[in-house]
Amino acid sequence: MKRYALITGASRGIGRAIAIELAKDGCSILLNYKSNHAAAEEAKHLIEEAGGEAELMPFDVSQPDAINAALDKWFAAHPDDYIDVLVNNAGIVDDEIMLMMEPEQWHRVIDVNLNSFFYCTRRVIEGMVMNHHGRVVNISSISGQAGFPGQINYAASKSAIIGATKSLAKELAPKRITVNAVAPGVIYSDMQREGIARGIKDRTDEIPMHRMGKPEEVAYLVSFLCSNRADYISGQVIGINGAVL
Amino acid sequence: MTKQEIQEKVNTFMTDRLEFEPSVIKPEAELKRDLGMTSLDAVETAIFIKRTFGFQPERGAIKTLVTIQDLYDFIEKNG
């Protein structure tokens with residue numbers, strides 16, 4: 001039986017690295033992205049080049065109807081399968097100090113980063129419950145642990161993910177489903193590159209290890225959490241930040 | 001599906017999937033008090049009913065049932 005893994009926001013950056021790593025672990029990848037079809041195709045190609053398999057699953061994680069439509073379609077085509085691994089990775093930043101932040105900036109980040117967790121997870125864990133096995137990994141952030149100026153929306157969404165992770169882990173533990181959060185620090189990802197290009201301060205000099213993390217390093221951690229070696233790890237927030245926190 | 005078939009499928013589900021002790025699976029046994037059925041077990045039961053008997057119980061319907069006999073009757077009535 002194939003082991004399916006859905007990774008949201010997997011066309012680029014950390015999500016792509018996670019998709020590739022889980023494919024190497026033997027998972028059949030459901031590669032979600034919103035609109036960057038070329039990047040998603042490239043990610044799929046990289047997965048296949050690594051000997052894995054992936055199917056593209058485009059939908060906007062901030063739209064509950066779009067999530068349900070895409071997953072309904074997949075479940076209808078796979079009546080005997082379920083999704084054993086869910087990585088809630090899709091996320092955006094829209095930085096501004098609070099006094100300058102528009103309500104739309106607040107709501108959009110909360111919708112994409114937090115509400116997507118609720119809608120995607122609720123739909124996917126049904127199969128895990130029935131099969132008494134599953135892995136949910138939520139990508140939080142050091143911003144949700146420590147807070148950063150200009151990121152009240154992002155930090156709030158990533159902090160809320162931590163609380164939700166801990167609660168859901170307790171709910172699902174009797175069914176042998178683990179739920180964990182990974183909190184990356186500064187990772188040299190597309191999001192980071194684009195931020196620096198927009199003028200956001202490069203904070204590498206504040207990192208005790210004097211370098212940014214790599215998306216692959218986050219992916220190794222997620223891979224471990226999704227393996228059977230991590231059966232007893234649930235409800236945890238694991239930082240990966242070069243000793244910043 | 002006959003009453004007996006419904007009972008057999010429900011009983012097998014309860015012992016094999018919900019991992020309740022076979023000795024406590026009796027029609028008069030109370031789902032919460034005697035079997036220790038949780039909210040998550042109730043959700044799993046609803047999914048089991050949908051897949052096995054072809055109808056979707058309304059959200060929360062299972063939690064209103066008291067005994068295993070109530071569950072048999074619920075399936076027979078709605079299936």
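In chain B, 60% of the contacts with a separation of 6 or more join residues 24 or more positions apart; here, two residues are in contact if their C-beta atoms, placed from the backbone, lie within 7 Å. This is a predicted model, in which local features need pLDDT of at least 70, side-chain atom pairs count only at pLDDT 80 or more, and totals for chains, interfaces and linings use all residues. Residues are numbered from 1 along each chain as its sequence is written, while chains are lettered from A and ligands numbered from 1 in the order in which they are written.

Helices (H or I, at least four residues) and strands (E, at least two) are DSSP runs, numbered from the N terminus. A compact globule of 79 residues would have a radius of gyration near 12 Å, and the 11 Å of chain B agrees with that. That radius is taken over C-alpha atoms, and the globule rule is 2.2 Å times the number of residues to the power 0.38. The C-alpha trace of chain B spans about 25 × 25 × 20 Å along its principal axes. Of the 79 residues in chain B, 22% are buried. A residue counts as buried if 20 or more other C-beta atoms lie within 10 Å of its own, exposed if 12 or fewer, and partly exposed in between, with C-beta atoms placed from the backbone.

Over in chain A, strand β4 (residues 83-88) is mostly covered, with six of its six residues buried. β4(A) pairs in the parallel sense with strand β1 (residues 4-7) of chain A over four bridges, and Val87(A) is the bridge partner of Ile7(A). Two strands pair if DSSP finds at least two bridges between them. β4(A) also pairs in the parallel sense with strand β5 (residues 134-139) of chain A, over four bridges.

Then there is helix α3 (residues 64-77) of chain A: its 14 residues reach 20 Å from first C-alpha to last, close to the 20 Å expected, which is 1.5 Å times one less than the number of residues. Its buried residues are Ile67(A), Ala70(A) and Leu71(A). Seen down the axis of α3(A), these fall within an arc of 90 degrees, so they line one face of the helix; the arc is that of the directions from the helix axis to the C-beta atoms. They pack against β3 (53-58) and α4 of chain A. On the other side of α3(A), the exposed residues include Asp65(A) and Lys73(A).
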